[in-house]
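Have a look at the model, then read on.

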Amino acid sequence: MPIRHCIVHLIDKKPDGTPAVLHARDSELNLSQAMENLLADLNESYNAKQGKAWGYFHEESGAYPFSGWLERYLEGQRDFTSFSREAVEHLSKLMEESNLSTGGHVLLAHYQQGMTDYLAIALLHHSEGVTVTDALDVAPAKHLDLGQLHLAARINISEWQNNKQSRQYISFIKGKNGKKVSEYFRDFIGCQEGVDAPSETRTLLKAFSDFVESEDLAEEQAREKTSALVGYASTQAKLGEPMTLEELSMVIDEEHPRAFYEHIRNKDYGLSPEIPPDKRTLNQFRRFTGRAEGLSISFEAHLLGSRIEYDETRDMLIIRQIPTQLADQLKRRKD
């Protein structure tokens with residue numbers, strides 16, 4: 001992961017309405033193994049966070065100046081240190097307006113992963129711990145607590161510059177239940193939501209369920225394809241990358257690599273070509289299966305509570321909207 005530029009500033013701010021005090025660094029950090037490790041750990045922690053949102057920049061304005069500063073830096077009109085200083089001064093002002101906000105170390109890193117350039121921005125905090133010294137004494141020690149990452153964003157610079165139609169080149173931690181404490185950070189980036197990851201993931205899973213039903217697949221085949229979808233989506237979520245519909249279609253069926261893709265296009269589900277995976281939604285997408293005495297039942301876990309209900313006291317399953325093919329067979333049998 002080549003790091004092009006990296007810097008850390010400190011904003012000293014208590015969540016009591018007192019003014020924020022900025023301690024700005026006047027030069028970039030020297031590249032080192034420690035810096036590589038920090039950025040790798042930050043990316044790992046960020047990718048694992050649930051509840052991220054995806055979006056794109058507001059038009060540059062006095063309220064949302066960040067995209068303009070970033071563009072001028074990328075064009076060579078400003079160096080990275082000057083760009084970061086402008087950005088962190090703006091963030092410090094927004095912190096003052098948000099009484100609930102707490103300061104911390106602000107990390108800005110421009111790095112490359114594969115052929116793609118990214119800008120990572122994160123507000124980092126320390127936790128108290130202990131260490132054993134060279135003299136074998138136990139002493140207090142502070143360390144960066146990346147497990148408590150609440151305010152961070154990642155900008156896909158390459159996507160922003162090369163795909164003007166994209167509405168998901170920025171991802172940011174939305175905060176639990178959309179907490180207002182994180183809104184100032186989103187406004188600092190100047191980001192508006194363009195893709196609803198949970199909704200898009202639910203729609204994708206609905207399209208997949210329809211596809212499995214329309215193909216009349218055997219249970220083992222359906223289970224294999226479900227496992228392939230969840231595996232691919234989980235891998236992309238771990239990498240912090242979106243799912244690509246065409247690539248997913250190939251993963252699901254190597255013999256007919258465009259079958260699922262064509263199903264989505266023909267049914268017009270309104271899905272974007274690339275979908276950010278929502279881990280919470282994916283975790284609910286599992287299959288319940290049972291077979292005994294001539295009866296075989298299999299359904300996806302997300303249907304439980306909606307189309308399927310389980311009455312434990314009467315040992316019954318209540319199924320609504322049964323598959324059309326099954327309904328036709330039952331009707332013919334009745335006739």
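## The chain as a whole

The model is predicted, so local features need pLDDT of at least 70 and side-chain atom pairs count only at pLDDT 80 or more, while totals for chains, interfaces and linings use all residues. Residues are numbered from 1 along each chain as its sequence is written, and side-chain values use heavy atoms, with hydrogens and water left out.

The C-alpha atoms fill a box of roughly 85 × 50 × 40 Å along the principal axes. Of the 335 residues, 40% count as buried (under 20% relative accessible area; exposed is over 50%, partly exposed in between). Take the contacts (heavy atoms within 4.5 Å) between residues at least 6 apart in sequence: 62% of them join residues at least 24 apart.

## Helices and strands

The chain has 11 helices and 16 strands. Both are DSSP runs numbered from the N terminus: helices are H or I with at least four residues, strands are E with at least two.

Eight strands make up an open sheet with antiparallel pairing, in the order β2-β1-β4-β5-β8-β9-β3-β10. Two strands pair if DSSP finds at least two bridges between them. At the edges sit β2 (21-23) and β10 (191-195), each pairing on one side only. From one strand to the next, the twist averages 25 degrees. Inside the sheet order, β5 (residues 116-124) and β8 (residues 152-156) pair in the antiparallel sense over 5 bridges. Tyr118 has Asn156 in β8 as its bridge partner.

## Where α8 meets α9

Helix α8 (residues 245-252) packs against helix α9 (residues 259-267) at an angle of about 130 degrees, with the axes 7 Å apart. Axes are lines fitted to C-alpha atoms, for helices over the stretch in contact, and angles run from 0 to 180 degrees between N-to-C directions. The pair is therefore oblique; under 35 degrees would be roughly parallel, over 145 roughly antiparallel, and 65 to 115 roughly perpendicular, with the rest oblique.

From α8, Leu245, Glu246, Leu248, Ser249 and Ile252 meet Ala259, Phe260, Tyr261, Ile264 and Arg265 of α9. These contact residues divide into 7 nonpolar, 1 polar and 2 charged (Ala, Val, Leu, Ile, Met, Phe, Trp, Tyr, Cys and Pro are nonpolar; Asp, Glu, Lys and Arg are charged; the others, Gly among them, are polar).

Definitions and conventions: Buried means under 20% relative accessible area, exposed over 50%, partly exposed in between (1.4 Å probe, protein chains only).
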